[in-house]
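Please keep the sequence and the three-dimensional view at hand while working through the numbered points.

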Amino acid sequence: MVTKRAGELRRIVLDILGAAGASDENAADVANHLVIADMSGVVTHGVTQLSGYVDAIRAEQLLPRARPEAVKELDGGALVTGNWTFGQVAAKYGAELGIRKAYASGLALVSLVQSHHIGRLGHYVEMAAAEGMVSLVCAGGFGAIDPQTVPYGSRTRVLHTNPIAMGFPVAGAPPMMFDFATTALSGVKVVNAQLRGETLPPGSIVDADGNPTTDPQAFFDGGAHVSFGAHKGYALMMAAEFLGRIFAGSDDYAEEVRGGDIMRHQGVTMLFAKADLFRDMDTYLDGARVLVDQVHAAEPAPGFTEVLAPGDLEARTRLERERDGIPLHDDVWQDLVDSAASLGLDIA
C-alpha cells in the first residue's frame, strides 16, 4: 500500500494528463474529480481510472483539449455535447449550466452526450447541494455495443452498470446523498477482484449459464453483472437507461471512432431543483436536519455501532484522508507509475 497526500496526488495526475495532451483547464477538472473520489473512499472512480483515459487519448477516442457546449437550450433545460472531451469536464459543465438555469427558473433538466467516462456521479449532486439544490443524475447507454448485465430473470446480457445518484442539502451537515451502480457491484470491483485473486460477494454476478457465482473469472468467461435488489434494482437500471440513453438521444450523437465501446452511446441526464422551490430555505434545511438527526439517533441493530445517513461515510472518509493521506493499492500505484513512464515521466 502506498499513501499520498491529496496535493501530491493531484499534481501527479496533472502531470500525467498534461503529458498526454490535456489542456490545463481540462486537466485541473479531471485531477480534482479523481482525487476527491479517492478522498471520499470511492476508489473505483479515483486515480485507478487514469491509465484508461491515457489509453483513450492515444486511440483518439477521447479528445483531451476539447470543450463542451450546449447544442439545444431552453429556459429550463439544455442538451450538452462534450465534444468527446473528458466526461468529468463535460458533466461539470452540464451541472453548472443546470444549476444556473435552476436558480433562474426553479428547476432545470440537462442531458449530456458525446463524452467520455464522467466518473463519480456523487460529485455532481454534491456540487448541487452546495448551491442549495436537490438533484438527480443517472446514466445509461454503456451496453449498446458490449452489454455486460442480464435483465432480471434472464441469462442474456442486455444492459450495463447504469449508475444513479441523488443529493439533498442539509443544514450544518454533509448533504444526504447516494451514488451507486444499479448492478450489485461496479465493473471496476469485478476487475480488481480478478487481478487480486479475490472472490466476490454472493449475488454479485452470474456465470455464462446464468448461475450465481463468486468467481470473478466467470464474468470474463461469458458471465454477467446482475442488478442489485432483484427486480427493484433492475427497474431502476431500466429507468437510468431510458433517461440516460433514450430520453437524451445519445444514439443520435454516437460516432464510430469516438468514445470506445462503452462510452460511444453514453447518455447522462441531470435534474436540478431549488430546495426552496415550495417552502422557504430555512424551513427546508431545518426539516432536512431533523430527519437526519432522527436517523442518527436510531438504535443500532446487532452487529452495528451506529446508524449513518447516506453520504455520511464519504464525508467522514474525506476528513480522515485529509488528515492521514490517501492509501493506494500497490497495483493502482504501479499502474500510475507505468502510465507516467509511458509518457516520459518518472513519478516513482
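This is a predicted model: local features need pLDDT of at least 70, side-chain atom pairs count only at pLDDT 80 or more; totals for chains, interfaces and linings use all residues.

1. Helix α5, which spans residues 122–130, is mostly covered, since eight of its nine residues are buried. The buried residues are Gly122, His123, Tyr124, Val125, Glu126, Met127, Ala128 and Ala129. After the helix comes glycine 132, which has a positive phi, near 75°.

2. Which strands pair with β5? One partner is strand β11 (residues 267–274), which runs antiparallel to β5 and is joined to it by eight bridges. Another is strand β6 (residues 163–170), also paired in the antiparallel sense, over four bridges.

3. In β11 the residue opposite valine 137 is methionine 270, while in β6 the residue opposite valine 137 is alanine 165. In a regular strand, side chains alternate between the two faces of the sheet.

4. A further sheet is open and has three strands, in the order β9-β8-β10, with antiparallel pairing. Its edge strands are β9 (212–213) and β10 (224–225), each of which pairs on one side only. Strand β8, residues 205–206, runs antiparallel to β9 and is joined to it by two bridges. Within this pairing, valine 206 stands opposite proline 212.

5. Is asparagine 26 buried or exposed? This residue belongs to helix α2, residues 24–39. Asparagine 26 counts as buried because its relative accessible area is 0%, and the cut-off for a buried residue is under 20%.

6. Arginine 65 lies 39 residues away along the chain, yet the C-alpha atoms of asparagine 26 and arginine 65 are separated by 6.9 Å. Leaving aside residues up to four places away in sequence, asparagine 26 touches Pro64, Arg65, Ala66, Arg67, Thr85, Phe86 and Val89.

7. The second largest pocket holds about 290 Å³ of space. Its lining consists of 18 residues, and Val43, Thr44, Asn192, Arg196 and His329 lie nearest its centre. The elements that give two or more residues to this lining are α6 (187–195) and β12 (326–328). The largest share, three residues, comes from α6. By class, the lining of the second largest pocket divides into nine nonpolar, four polar and five charged residues.

8. How many cavities of 30 Å³ or more does the count give? The count comes to one. The largest cavity has a volume of about 30 Å³, and its lining is formed by Glu126, Pro174, Pro175, Met177, Gly311, Glu314, Ala315 and Arg318. Both β7 (173–181) and α11 (312–324) supply at least two residues each to this lining. The lining of the largest cavity has four nonpolar residues, one polar residue and three charged residues.

9. One residue links the opening point of this note with the preceding one. Glu126 is among the buried residues of α5, and Glu126 is also one of the residues that line the largest cavity.

Key: Residues are numbered from 1 along each chain as its sequence is written. Side-chain values use heavy atoms; hydrogens and water are left out. Two strands pair if DSSP finds at least two bridges between them. On a 1 Å grid over the protein atoms alone, a cavity is a set of points where a 1.4 Å probe fits but cannot get out, and a pocket is an open set with protein on both sides within 12 Å along at least five of seven lines; lining residues have an atom within 4 Å of a point. Grid points are joined across faces, edges and corners, and a volume is the space filled by probe spheres set on the points. Ala, Val, Leu, Ile, Met, Phe, Trp, Tyr, Cys and Pro count as nonpolar, Asp, Glu, Lys and Arg as charged, and the others, Gly among them, as polar. Buried means under 20% relative accessible area, exposed over 50%, partly exposed in between (1.4 Å probe, protein chains only). Contact means heavy atoms within 4.5 Å.
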